[in-house]
Amino acid sequence: MPDPTSPKNLSAATLSVWGGEEESLMQGATQVPVVYSAAFGYPYVDAWLEVALGRRPGHIYSRNTNPTVRAFETKVRLLEGAPAATSFASGMAAISDTLFTLLSPGDRIVSVKDTYGGTNKLFQEFLPRFNIRVDLCDTTDHDEIEAAIARGCRVVYLESPTNPTLKVMDISRLAAAGHRAGATVVADNTFATPINQNPLALGADLVVHSATKFLGGHADALGGVVCGDAERVQRIYHFREITGAALDPMAAFLLIRGMKTLHLRIQQQNESALSIARWLEGHPAVAAVFYPGLESHPHHDIARRQMRGYGGVLSFMLKGGFEAVKRVLPELRLARRAANLGSVETVVGPPATTSHVECSAAEREAMGIPEGLIRYSVGIEDIRDLMADLSRALESA
Ligand SMILES: Cc1ncc(COP(=O)(O)O)c(C=O)c1O
């Protein structure tokens with residue numbers, strides 16, 4: 001009889017709680033301990049060597065591996081259905097280490113115009129300095145993206161839904177196009193989370209997360225992670241162990257603790273975001289609402305196919321433009337005005353101070369990111385309270 005408690009037979013709700021912890025528990029602890037030890041000691045050189053050569057489980061030095069950090073990596077990889085994972089000090093460390101591992105001078109990468117601002121900076125400012133050609137397509141034009149991929153590339157980089165305009169990319173279609181061109185396909189799953197979407201099951205080779213957001217869920221720890229096949233993840237791990245952007249054990253502990261409620265939080269945030277998006281669509285002060293769960297979303301059909309829920313972030317534009325945004329945001333009582341998202345508290349902000357703070361107004365315009373947008377990351381508060389707060393704040397629009 002198949003083992004009902006084997007990770008492959010457990011649901012995401014159970015894996016969020018139990019996944020990956022067993023190996024790192026010690027001395028009867030029921031929670032993964034924070035192991036603050038820079039290095040791990042061995043009385044005999046032979047045993048030490050076995051661990052150093054990877055022939056026996058164990059740890060050598062916390063820049064490479066650490067028990068608390070390992071538990072976090074295992075939990076995420078089980079949720080993403082991946083054989084391997086490695087973690088980082090932040091989401092941007094995960095993304096940049098992944099790209100610098102996969103790409104070499106002379107290579108080409110295909111992605112889209114409105115990825116998260118930090119990722120876009122990597123594309124525009126850093127990769128070209130290493131003679132890596134970057135082709136950024138219109139995010140919504142799948143024919144254009146496919147044609148760019150077919151011209152040949154080493155990496156296809158996807159983000160879906162995108163930050164902050166909530167565009168949706170067809171991961172299966174673009175992964176297949178990437179594989180026809182011999183490329184490695186990377187997908188940023190930060191907005192969807194593994195509860196709503198599994199890019200590896202849709203054909204991507206690697207999935208990256210800013211764990212700072214929904215995975216941790218409490219806006220108290222930075223972290224990043226990449227999951228995929230053992231060979232690619234080993235290469236990325238090696239780049240990270242040498243370049244050093246390791247996840248701190250305390251941050252790993254906070255992320256593990258946050259992830260215990262991942263499934264519950266995401267269910268609530270999916271539900272609340274959809275209700276708020278629907279309500280905002282009919283509000284007289286609102287010019288447009290962007291949320292993949294809305295029937296009016298241009299790629300709602302793709303979202304419905306590849307997502308189990310539509311996520312906790314929506315964005316909307318006010319008829320009064322950026323001036324109205326500046327009037328409305330200070331009126332909100334149940335929202336942090338901050339450059340984060342995915343937390344238990346509702347968090348709001350315009351792209352100029354959040355996702356695309358590193359970009360100039362002209363750069364945001366070129367990426368199709370409207371200045372008058374409000375990104376609204378729904379927390380786990382009572383939906384009636386959130387709507388009452390928004391409703392009152394919108395009176396000053
Ligand atoms: C979609 C997405 N990817 C990556 C990042 C970068 O993550 P971090 O801030 O943890 O470096 C962010 C941050 O906002 C993001 O929204």
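How do the residues of the lining of the largest pocket divide into nonpolar, polar and charged, and which class has how many? In this predicted model, that lining divides into 11 nonpolar, eight polar and seven charged residues. The pocket holds about 630 Å³ of space. Its lining comprises 26 residues, among which Gly58, Thr65, Arg70, Gln234 and Tyr237 lie nearest the centre. Two or more lining residues are given by each of helix H2 (45-52), helix H3 (67-80), strand E1 (84-88) and helix H9 (230-243). The largest share, six residues, comes from H9.

The ligand takes up the space of the second largest pocket. This pocket has a volume of about 350 Å³, and of the 23 residues that line it, Met92, Tyr116, Asn163, Ser210 and Lys213 are the closest to its centre. By class, its lining has nine nonpolar, nine polar and five charged residues. Helix H4 gives the most to this lining, with three residues.

Around the ligand itself there are 14 residues, of which Met92, Asp188, Ser210, Thr212 and Lys213 come nearest. This shell divides into four nonpolar, seven polar and three charged residues. Its largest share, three residues, is again from helix H4 (residues 91-102). Taken alone, the ligand exposes 390 Å², of which the protein buries 91%.

Definitions and conventions: Residues are numbered from 1 along each chain as its sequence is written. This is a predicted model: local features need pLDDT of at least 70, side-chain atom pairs count only at pLDDT 80 or more; totals for chains, interfaces and linings use all residues. Side-chain values use heavy atoms; hydrogens and water are left out. A residue is near a molecule or strand if one of its heavy atoms lies within 4 Å of it. Accessible areas come from the Shrake-Rupley method with a 1.4 Å probe; for residues, only the protein chains shown count as cover. On a 1 Å grid over the protein atoms alone, a cavity is a set of points where a 1.4 Å probe fits but cannot get out, and a pocket is an open set with protein on both sides within 12 Å along at least five of seven lines; lining residues have an atom within 4 Å of a point. A molecule sits in a cavity or pocket if more than half of its atoms lie within 2 Å of its grid points. Helices (H or I, at least four residues) and strands (E, at least two) are DSSP runs, numbered from the N terminus. Ala, Val, Leu, Ile, Met, Phe, Trp, Tyr, Cys and Pro count as nonpolar, Asp, Glu, Lys and Arg as charged, and the others, Gly among them, as polar. Grid points are joined across faces, edges and corners, and a volume is the space filled by probe spheres set on the points.
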